[in-house]
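Subject: Structure handover

Hi,

Here is the structure I promised to pass on. Have a look at it first, and then read my notes below.

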Amino acid sequence: MEHLQDWATTIPVLVALLAIVYLPGLLVLRLADVRRTLAVGLAPAVTCGLIGVGGIVLDLLGVPWNLLTFLCTTLAASVLVLGYRMLLRRSGQADQPMGGALATSRWTARQRIAVVGAVLLAVLFHWVPVLVIVDPYFPSALSDPMFHYNGINAVLHTGNASMFGAMDFNYGLRVLNVTYPSVWHALAALVAVPSAVVGVAHVFAYLLTPVVFLVGMACLGAEVFPRRRLMAVLTPLIAAGFVAFPDYMTVGKGFWPNALAMALFPGLLAVLVAVVLDIARGRLDQNLVRYIGSVLILLSGTAGLVLAHPTFLFTSLWVGAPVFIVVLARLLRRLWRTWSRRRFIATVGLAATVTGTVLVGMLTHPQVQSAMSRAAIGEWKAPLGRLASAVVLWPASPNLWVLAALTVFYGSVTVVGVMLAARSWQARWVFAAWVMQTLLILGVYFPIPIISQVSGLWYFDVYRLFAVQMVFVSLLFSIAFAMLWPPQQTPAAEGETSAEWPRSLATLQRRAGRPLVRIAIAGFIIVHLALGAFMARHSAYDPAAPEIGAQAVIGSEGELGLLESMDEVVPEGSLVLGDSLSGVGYAPALSDVDSVFTQVTTRSLDRDGVYLAESFAAIHDDALVCDIVRHYGITHYYEDDPLTYEGEQRDAELPGLHDVDTSTGFTEVASAGSATLWRIDACGQIDTSHDWWDDEWRRGAVVDELGTS
């Protein structure tokens, strides 16, 4: 409870982030005549699309990224949408918003309150452990967060939010072109200021991500079975109980850009369902303007998703492949009946050529080839446990009784949900997507030809795959429970029949709606949430607690204070060298000081940085060390006891940054615990006039210019 006061001070940051994430997207979507529920679900993805595309365009135009230029980007998008709205009105099809009406009857106030209450409860389920355990201003000891803190810092200093350049400065001394998803960093930079990055990053990752995800899940649940209003209540509650997301990905691993894309995914799926239903209802027939508008709205959200993390392009293509194939087959059959043979063959041939070219280009891209050529890690070992894990969506206990109980507990509901979804034309896609994602999970656990290769696109990380599967399993569970807990009105009264029930579930069908069944459903959700809380406590939240000590990155409270006040003890323009895991990697995010190394690992292409990491300790004897120090204006050295990190001794991995003889050629500036900040005198006068954030003079390498390899 000691951190609650600190979290209370972040409320303005949370409000600002909520406004930035939702309001621009809502403005664009409401102007585009998108139904309110869909607009709420898709708004964050559209906002991320504006940020991703806007960041690239502004960088090409030489315009810096900031709140004003983002507002201008949003305004420009709104003007374009208003043009579409005018065309829509002229077409005479502006009488009903995109997605049409959800059902024949409107949502009652009680139903709306129930959905809002379910979302709030689900959000609090994730917030409470974070508020109690995590310090919002204490940097995470995980490797990825250090990179992301400094990524925000880079956007703030350079004004570059493009995925083709924003992270260029995050790889040591040498600045080379890097392609890295920067939407997360660009969005956080709209709220953050230098030296106050950590708190903003944590509010975004730990508090805002669950909100976006669970609101999207509620919107998705409302679309799958629109007349089963309970779906919108059940889906966020069930999703909240799984550990893989957001708990493990955000708090336990620090995969923050990936987590942002994952949070956007359900809202985009909700709009995809609505567009497909619009097509099925014939609302887009003979209406080119609305048809193109619906596609463009869907593409805008997809752009936000993919720019937030490009792996979701492959996720969407993979899980959506069965639906795409079915839709394509029906479209081809329809065109075959209505078009002339010559027109049909010419159009299909052209479309197939373009599609094939794009797919070949994508699949032969070096990064894709590298991912798919990774050696498979699966093996035919402990098959029952691995199959159970694929059902539970978390590594199952080796205890056979626990294994059996979890498998029955989750597996039975999964089977019912699968059988019901497979019989419903509205929910059949959920079943297909669940099957496709299950194949990927099995491809990680077992060496399955082709499937295991494809799983390499997700780094063979079963937890990332679990996170995506959560969406479909939550829907399957919600479908099962919504059918077992029918509304007060008979299904026929709301325009539904019981045709979805297969004969094998006739017994369940007869018991649907009975008090004992409803009690069992409520009990399942409570136990599910309790299991999720138990597993998340040990796998996600405990490791995220502030850690200070001899084997921690930050060894003492005094060292944390030194890092936070470093800009007060060194002159402006100073550049600090040291092992990032000595704590100095956090310095740019905690104080307005520049550090050479801003992530855990070094980069081989950063030849000068690698040379210092290996040879800085020879500063008294190696003239090249001083040449590099003077060239880049490195004024200070941060020393601390080496750590063992992920099984590697840092002094063995980076020998030049440890055991440096500071008895001569160095002047102590400040110290705290085992950490000491030294001014480098051994290289004489050091020029600090170069701007560290100007990439023009950091493209080459001193070791190359002097002919040293």
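Predicted model: local features only at pLDDT ≥ 70, side-chain atom pairs only at ≥ 80, totals over all residues.

Let's begin with strand β3. His 636 and Tyr 638 point one way from β3, while Tyr 637 and Glu 639 point the other way, and all are buried.

How do the strands line up? There are 5 strands in an open sheet, ordered β2-β1-β3-β7-β6, and the pairing is mixed. At the edges are β2 (594-595) and β6 (666-672), each of which pairs on one side only. As a reminder, strands of a sheet pair through backbone hydrogen bonds, either parallel or antiparallel.

You can see both kinds of pairing from β3. Strand β1 (residues 575-577) runs parallel to β3 (residues 636-639), and 2 bridges join them. If you want to find that contact by eye, go to Leu 577, whose bridge partner in β3 is Tyr 637. With strand β7 (residues 675-680), β3 runs antiparallel, and here the two are joined by 4 bridges. On that side, look for Tyr 638, which has Leu 677 as its bridge partner in β7.

**Salt bridges**

A search of the whole structure turned up 10 salt bridges. In general, side chains of opposite charge can pair when their charged atoms come close. I'll walk you through a few of them.

Start with Arg 650, whose side chain meets that of Asp 579 in a salt bridge at 2.7 Å, N to O. This pair links distant parts of the chain: Arg 650 is in helix α28 (residues 650-653), Asp 579 is in the loop between β1 and α25 (587-590), and 71 residues separate them. Both Arg 650 and Asp 579 are buried. Arg 650 counts as buried because its relative accessibility is 2%, and the cut-off for buried is under 20%.

Arg 650 also has a salt bridge to Glu 653, this one at 3.9 Å, N to O. Is Glu 653 buried or partly exposed? It has 41% relative accessibility, so Glu 653 counts as partly exposed.

Another pair to look at is Arg 679 and Asp 681, whose side chains meet in a salt bridge at 2.9 Å, N to O. Arg 679 has a relative accessibility of 38%, so it counts as partly exposed. Asp 681 is also partly exposed, at 30%. As for networks, salt bridges that share partners join Asp 579, Arg 650 and Glu 653 into one.

**Surface patches**

Which residues form the positive surface patch? They are Arg 330, Arg 333, Arg 337, Arg 423, Arg 428 and Arg 503. Helix α13 (residues 311-338) gives the most to this patch, with 3 residues. Arg 337 sits in helix α13, and it counts as exposed because its relative accessible area is 66%.

There is a nonpolar patch on the surface too, made of Ile 279, Leu 288, Tyr 291, Ile 292, Val 295, Leu 296 and Leu 299. Together these residues have about 640 Å² of accessible area. Helix α12 (residues 288-308) gives the most here, with 6 residues. Tyr 291 lies in helix α12, and with a relative accessible area of 37% it is partly exposed.

**One more residue**

Last, take a look at Met 146, which is found in helix α6 (residues 143-158). Met 146 and Met 163 are 17 residues apart in sequence, and their C-alpha atoms are 18 Å apart in space.

That's what I have for now. Over to you!

Cheers

Key:
Residues numbered from 1 in each chain as written. Heavy atoms only, no water. Patch = residues over 30% accessible without salt bridge, like charges linked within 9 Å, V, L, I, M, F, W, Y side chains within 5 Å. Areas by Shrake-Rupley, 256 points an atom, 1.4 Å probe, with all protein chains shown as cover. Salt bridge = Lys/Arg side-chain N within 4 Å of Asp/Glu carboxyl O. Lys, Arg positive; Asp, Glu negative; His and termini not counted. Charge placed at Lys NZ, Arg CZ, Asp CG, Glu CD. Buried < 20%, exposed > 50% of the residue type's maximum accessible area, 1.4 Å probe, protein only. Pairing = 2+ DSSP bridges.
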